[in-house]
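Hello,

Please find the structure below, as promised. My notes on it follow.

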Amino acid sequence: MPDIIATTDEASLDRPRSLWHLFVAFSALAMQGFGGVIAVAQRELCERRRWLTPQDFVELLSGAQVLPGPNVCNLSLMIGDRFFGWRGALVALAGMIAAPMALMLILAWLLGEVANVGHAREVIQHALSGIAAVAAGQIIGTVLKLAAPVKDHVLGWPVCVALASLAFGMMAWLHWPLVWVLLGLGSGTCIGTYALLRRRASSKGSAA
Amino acid sequence: MTPLMWSPDIWWTLFGHFLALSLMSIGGAITLVPDMHRRLVTDAGLLNDTDFTSAIALAQAAPGPNVLFVALMGWYSGGLGGAVISMVGIMLPSTTLALAVSRWVSTRRHWLSVQAFQAGMIPVTIGLLLATGWHLTPPIQTQPKALLLSAVIALLVWRTKASLIWLVAAGAMLGGLGLV
């Protein structure tokens, strides 16, 4: 298999010991993910537990976001499936959803009860906006981290930076629906990459 | 709404709506918010505007995947049963499809087209993720201090191993005290 992007020491990777271990790991990371789980998932799965390389992580995330459904949920399905088959997929997904859902329903119930006590609602609202600001920062910091493997990308890093900026501009400034960006830019990029890989494979073949 | 209300009619309606929306949720269920508002608030009258908006705000701030706002909408419409059945509705179709497709792909990892897809999508994914972060950043005109907080957090996450959960706690504290 051709090396598309330099792999970071695959041999030193770890893996979950059991379905229960998988469940606990996903529950733990979901419960730390305020305002979105991607930042924590990257930190926990790649850096702390070392179950995936950053390269694996971006690849799975790419697949997860083209498919319908929440991308972190699709991501947990794929990771669970990779280690323990369909049972792993369901367990990882359950871990991602069960605990935070229980907590959130309790919160919603409590908020309904205390909303009218003094300044409670106001303080809670301010705290939520503080959390939102942190969540934004966490995602941007994670993007900067995930961008590192791009320097060895088959398209070359300048092209990658241009493509990422283009995708960003289409979403953030032009407000295009995601489906268009994926279909338009995504398919174009994939076709270009395919042509490049093909040419490389055939030149390697003729040299041998 | 009482948490343990028994209302199978509402549950069926919720289940039907979320089941129908599931396969359209490319980019996450959050992209379907306008459609959900039309179906649940305007047409079916299952919950009011305030509950609809606070479901989204609370799910954004609380831990866990953002899709949990769907559970909250179910909760405000039909109690605990509504919350569970709404989540099952939104997850069942997309989960089945995602698992089937990812299995199909993983047995064909040696195909050049699969490799081209995986490598080619990387820069696009990075750009899209950056747009998500951008979308969440506070506006500079009204909340310059919150924007500064976002920038500092981005640097800390990128360059250090600072614990993410403590960063969130710090954000909640600064916000609660009215400092950002």
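**Helix packing between the chains**

In this predicted model, helix 6 of chain A packs against helix 5 (residues 112–136) of chain B at an angle of about 40°, the axes being 7 Å apart. Axes here are lines fitted to C-alpha atoms, for helices over the stretch in contact, and angles run from 0 to 180 degrees between N-to-C directions. Helix 6 of chain A is therefore oblique to helix 5 of chain B (under 35 degrees counts as roughly parallel, over 145 as roughly antiparallel, 65 to 115 as roughly perpendicular, and the rest as oblique). The crossing of helix 6 of chain A with helix 5 of chain B is right-handed (the near helix is turned clockwise from the far one by less than a right angle).

On the chain A side, the residues making this contact include A:Cys160, A:Leu163, A:Phe168 and A:Met171; on the chain B side, they include B:Pro123, B:Ile126, B:Trp134 and B:His135. Residues are in contact if their C-beta atoms, placed from the backbone, lie within 7 Å.

**The whole interface**

The contact between the chains takes 93 residues from chain A and 86 residues from chain B. Helix 5 of chain A gives the largest share of the chain A side, 22 residues. That side holds 65 nonpolar, 23 polar and 5 charged residues.

**Chain A**

Chain A has 7 helices and 0 strands (DSSP runs numbered from the N terminus: H or I of at least four residues for helices, E of at least two for strands). Of its 208 residues, 48% are buried (20 or more other C-beta atoms within 10 Å of a residue's own, C-beta atoms being placed from the backbone). The C-alpha atoms of chain A fill a box of roughly 75 × 45 × 25 Å along the principal axes.

**Confidence**

Mean pLDDT (the predictor's confidence in each residue, from 0 to 100) is 86 for chain A, with 92% of residues at 70 or more. Over residues 1–7 of chain A, pLDDT stays under 50.

Residues are numbered from 1 along each chain as its sequence is written, and chains are lettered from A and ligands numbered from 1 in the order in which they are written. Because this is a predicted model, local features need pLDDT of at least 70 and side-chain atom pairs count only at pLDDT 80 or more, while totals for chains, interfaces and linings use all residues.

Regards

Note on methods:
Contact = placed C-beta atoms within 7 Å. Nonpolar A, V, L, I, M, F, W, Y, C, P; charged D, E, K, R; others polar. Buried ≥ 20, exposed ≤ 12 C-beta atoms within 10 Å, placed from the backbone.
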